[in-house]
Amino acid sequence: MACNNGKTFVVSLTTVPGGTAANANYLLALDHFTCGNKKLCINESYPVTADLKATAIGLPVDVGNGTFCQEVLINGTVNYMPFKCGCQCGVCPVTESIYCSICVPCSSAATPTLAVGASKAAPTNVQPCCNVTNCVAITTTLNVTTGA
């Protein structure tokens, strides 16, 4: 059975200070567990990378007090070197699809414009050299423009 993706969970969505009602920045933190919880190698020869994009789904939903919830699909890929017979046995890199849905608060009932900044992927609970884990922490910035 082929596995197209592992499981991705939202860890946090934090507002970056200095935003306005019309233009807010958020820091989005995700944990991605590899397909089948396969272990991945962590060393300097092949870094773990991620590429994400955000897409607004439908119209914002009024949640009260002038705040709206905009459902956003976060999707993209994570690339890593799988662990098999050690980290140096000629295993090919793997690319997994990742996706999750989040509610982004905004102050306008108009569908906001979203942009995702550079994604940074870092394996969790690791030390230097060749370690194995099944979880990649991914952080990115999310800019939401509502035109409010």
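A residue is termed buried under 20% relative accessible area, exposed over 50%, and partly exposed in between, using a 1.4 Å probe and protein chains only. By this criterion C135 is buried, because its relative accessible area is 5%. The model shown is predicted: local features need pLDDT of at least 70, side-chain atom pairs count only at pLDDT 80 or more, and totals for chains, interfaces and linings use all residues. Residues are numbered from 1 along each chain as its sequence is written, and side-chain values use heavy atoms, with hydrogens and water left out.

**Overall arrangement: the protein contains eleven strands and zero helices.** Helices (H or I, at least four residues) and strands (E, at least two) are DSSP runs numbered from the N terminus. Read from the N terminus, the order of elements is β-β-β-β-β-β-β-β-β-β-β. Of the 148 residues in the protein, 36% are buried. The protein exposes about 8,100 Å², of which carbon and sulfur atoms supply 56%; accessible areas come from the Shrake-Rupley method with a 1.4 Å probe, and for residues only the protein chains shown count as cover. A contact denotes heavy atoms within 4.5 Å. Among contacts between residues at least 6 apart in sequence, 68% join residues at least 24 apart.

**Strand pairing: strand 11 pairs with strand 2 in the antiparallel sense.** Two strands are paired if DSSP finds at least two bridges between them. Eleven bridges connect strand 2 and strand 11, and N25 has N143 of strand 11 as its bridge partner. Strand 8 (residues 113-116) also runs antiparallel to strand 11, with four bridges joining the two. One of the residues bridged to strand 11 is L114, whose partner there is V144.

**Nonpolar core: the largest such core has 24 residues.** A nonpolar core is a set of buried Ala, Val, Leu, Ile, Met, Phe, Trp, Tyr and Cys residues joined through side-chain atoms within 4.5 Å. In the largest core, I74, I102, I138 and L142 have the most contacts inside it. Two or more residues come from each of strand 2 (23-33), strand 3 (40-42), strand 4 (49-56), strand 6, strand 7 and strand 11 (135-145). In soluble globular proteins, nonpolar side chains tend to be buried together. Setting aside residues up to four places away in sequence, the contacts of I138 are L28, A29, L30, H32, A50, L52, I98, S119, K120 and A121.

I98 counts as buried because its relative accessibility is 3%. Although I98 and G6 lie 92 residues apart in sequence, their C-alpha atoms are 7.1 Å apart in space. Residues up to four places away in sequence not being counted, I98 touches T8, H32, L52, I138 and the run I74, N75, G76, T77 and V78.

With a relative accessible area of 8%, L52 is buried. Its C-alpha atom is separated by 8.6 Å from that of V78, 26 residues apart along the chain. Neighbours within four places in sequence being left aside, the contacts of L52 include L30, I74, I98, V116, I138 and T140. N75, G76 and S119 are likewise in contact with L52.

**Side-chain contact of N79: a polar contact joins this side chain to that of T95.** A polar contact is a pair of N or O atoms within 3.5 Å; within protein, one must be able to donate a hydrogen and the other to accept it, and residues adjacent in sequence count only if both atoms are side-chain atoms. The contact between N79 and T95 is 2.5 Å. N79 is part of strand 6 (residues 67-82) and counts as buried, at 17% relative accessibility. Apart from residues up to four places away in sequence, N79 touches Y46, P47, V48, T49, V94 and T95.

**Cysteine sites: a disulfide joins C69 to C103.** A disulfide is defined as a pair of cysteine sulfur atoms within 2.5 Å. The structure holds one disulfide, with an S to S distance of 1.9 Å between C69 and C103. This pair links distant parts of the chain, C69 being in strand 6 and C103 in strand 7, 34 residues apart. C69 is buried at a relative accessible area of 16%, whereas C103 counts as partly exposed at 39% relative accessibility. The closest cysteine sulfur to that of C106 is in C69, 7.8 Å away, and is therefore too far for a bond. C106 counts as buried, at 7% relative accessibility.
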